[in-house]
Amino acid sequence: MTAPADQLRPLLKQYFGFSSFRPLQEEIMLDALAGKDVFAVLPTGGGKSLCFQLPALVRPGLTVVVSPLIALMKDQVDALQAAGVAATFLNSSLAAGESRSRLRGLHNGEFRLLYVAPERLMLSGFVEDLQRWNVNLFAIDEAHCISEWGHDFRPEYRQIAGLREKFPAVPMMALTATATERVRSDIEKQLQLRDPRCYVASFNRPNLTYRVSAKAGSYEQILNFIRARGQESGIIYCQARKTTENLASKLSADGIPAAPYHAGLDPATRSQNQEAFLRDEVRVVCATIAFGMGINKPNVRFVIHYDLPKNIEGYYQETGRAGRDGLPSECLLLFSPGDRVKYGRFIDEKPDPKEREIARAQLEQIVHYAEVASCRREFLLGYFGETFGASPDPGSSRPEEAPQERQESQSLLTSAATKQINCGGCDNCLAPRQTWDGTLAAQKFLSCVYRIREKSGFGVGVQHVVEVLCGADTEKVRKFSHEALSTYGIGKEHDRAEWAAVGRELVRLGFLFQNPDKFNVIELTDEGRVALKARQKITLTKPVTAPEPAKHRAGEIACDEVLFEDLRQLRKQLADERGVPSYIIFSDVALRQMARFYPASDREFSRISGVGEKKQREFGTVFLRAIAAHLQSNPCQMFADDSFSEPVAPMRSKLTDTVRETLHFFRQGKTVAEIGRLRGLKDGTVLSHFEEAILAGEDVAVNRLVELKAQQEIVAALSRYRGVGLSAVFEKFGGRYSYGQLRICRAALQLGRGMEQ
């Protein structure tokens, strides 16, 4: 009998069109097939759904997926059915007759996957139905919804816990993209997971570029940003429902198809606007946070936050809706210090003191993110307990030692502000902000904190220190006689917003500690006392400004853009005929590979990422015909330079020591001939090392190995003699180019392979 592990890869290609797994996917699947409880924390776009979809095809029985949104269920079931997988969903959107038809299919064992909302689990008779349907796995998607500590707590998710008692022998898989250690611990407890294997993938999304820009004429900023990005799709998140409607109306009037989405719209309008976005009938959706959880549109190229998000978890999940296909995408946050004041007032109106305390701490964290001068990627990863550049342990969950996440976030802010890290994918790393000598300002601020504590015996918040420095005549200043302090009114060279920014940066730099358990009171740290006493020089960073963000496209798949656009139109036509979103047919990654490699046969088309057996049968002929028609009137373009890198960072294979030594000399600037002399190797052997390195995902400057004109000639010949072998190409050139050079160009072409599952 074939082992489950041996069945996974053939089924992966047959149904989903992929030849390899993303990190941790295979391990999660094998544990699930072994009957173990599994907890998977994978980033948005990291392939969570495949972790339960593929095992459902390996073993008999039904996999039940608990999902929070109707739109998510339909989206995933449409995609599964397009791939040839027997899947269905049951929810309130179905007419009675349709529900009965699907129930009959479930009773007859016709389906492998069933998607349901948590509320349905408690409907009368539904558990009894499940017990007759041979359930082999419960997959709890968006599992953070079960935790009160999660950023999107849903009380109805607590009903899921009853499944363990009703189905003690059925394993559970909990999946989420956003969970701190505290939330993970709570999820395990609420779901009653039994000694689960916990897989925590990296939270890093290397294809996303993070930017923060000061709000200054915010509508014009957004309009210019979108206009600079062709026909790309994006999401704009707003706090107020009216803002979503105003923005959508303005953008549509300015020629950018846009639609609003918020909980105040009637369900039919919400559904219509969401479908229009999924089907590329509108480019931009302007939405509150009610939009997007689980939406599987892979080609969202940008996410803009028009207003300050409420917390880091929500911001991370919302930005994660960009670039799910692995291609470069952008995340822009428009920030105004006034947002902090506005949201602070909303928080003050909350009746529950504990809720106010948590909300204040979350607000300070997102403000720190917006103002931090160091790497934003490192800040985000650090918030979730990951060190940038280090891989988390995939095999076990780190238990919570004490519920002190907020205190730990303070040390995170300090370390993020002092380390010199460059991720190459955020505004602070791509274009560091200007600094200024803030020694005098820091001395005044630190001294004021010290004097207030000395006189009153207690600490105060940043805003009160600012009022003292600015000489404000407020009730609180008079109440505590702080107008008598030596620091009263000594800071009139800066306005209140500037002083508040100074105070927050001193917190990030570790000179002050902001205690979230005591109403965000600030205190001098040991470092702050030393700096104050020694008059230590302190460099501060100027606030974010509002330049137009530079377009970031590192990692884009270079291709024939005219053909790509033709294939996009063909894809939309086919999708409209079937009543599904365009990406159900093929992803942007697949279309770009078609427009790069010009497949001319079924065999070549099957190598395109995402082409499984059903899609090959259904769409292969029509896409091959379109590519051939394009080539009749357009030349075949060449893409042999080394500017292309995979949309998802490749898992680099282990290179031999001899190849690494060749790379070492090459990166020192030595030529192939020089490396050969130094190492006693033939040129052909040295070139074979570069071929191996390129195919392993190493950065190799192909232009230094093969001249650009030669690359173009070789690539044209490789395309013409596709599938024949290198000897025909070698003979065509009469030996003018060596086999080593031909292999280098062929390897560079093969970098177009990618995954988007």
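Student: Why is Asp576 called partly exposed?

Tutor: In this predicted model, Asp576 has 36% relative accessibility. Buried means under 20% and exposed means over 50%, so Asp576 counts as partly exposed.

Student: What makes Asp576 and Lys572 a salt bridge?

Tutor: Their side chains meet at 2.9 Å, N to O. The cut-off is within 4 Å, so the pair qualifies. Both residues lie in helix α24 (residues 561-578), four residues apart, which is about one turn of the helix.

Student: Why does the pair of Arg211 and Glu330 count as a salt bridge?

Tutor: Good one to check! The closest N and O atoms of Arg211 and Glu330 are 3.9 Å apart, and the limit is within 4 Å, so this is a salt bridge too. Arg211 sits in strand β8 and Glu330 in strand β13, 119 residues apart, so the definition of strands as DSSP runs places the partners in distant parts of the chain. Both are buried.

Student: Then why does Glu505 have no salt bridge?

Tutor: The nearest side chain of opposite charge, Arg508, is 4.4 Å away. A salt bridge needs a nitrogen and an oxygen within 4 Å, so Glu505 is left without one, although it is buried. Glu505 lies in helix α22 (residues 496-508), and, leaving aside neighbours within four places in sequence, is in contact with Leu540 and Thr541.

Student: What does Arg504, also in helix α22, pair with?

Tutor: Arg504 forms a salt bridge with Glu371, with the closest N and O atoms 2.6 Å apart. Glu371 belongs to helix α15 (residues 353-371), 133 residues apart from Arg504, and both are buried.

Conventions. Residues are numbered from 1 along each chain as its sequence is written. This is a predicted model: local features need pLDDT of at least 70, side-chain atom pairs count only at pLDDT 80 or more; totals for chains, interfaces and linings use all residues. Side-chain values use heavy atoms; hydrogens and water are left out. Helices (H or I, at least four residues) and strands (E, at least two) are DSSP runs, numbered from the N terminus. Buried means under 20% relative accessible area, exposed over 50%, partly exposed in between (1.4 Å probe, protein chains only). Lys and Arg count as positive and Asp and Glu as negative; His and the chain ends are not counted. Contact means heavy atoms within 4.5 Å.
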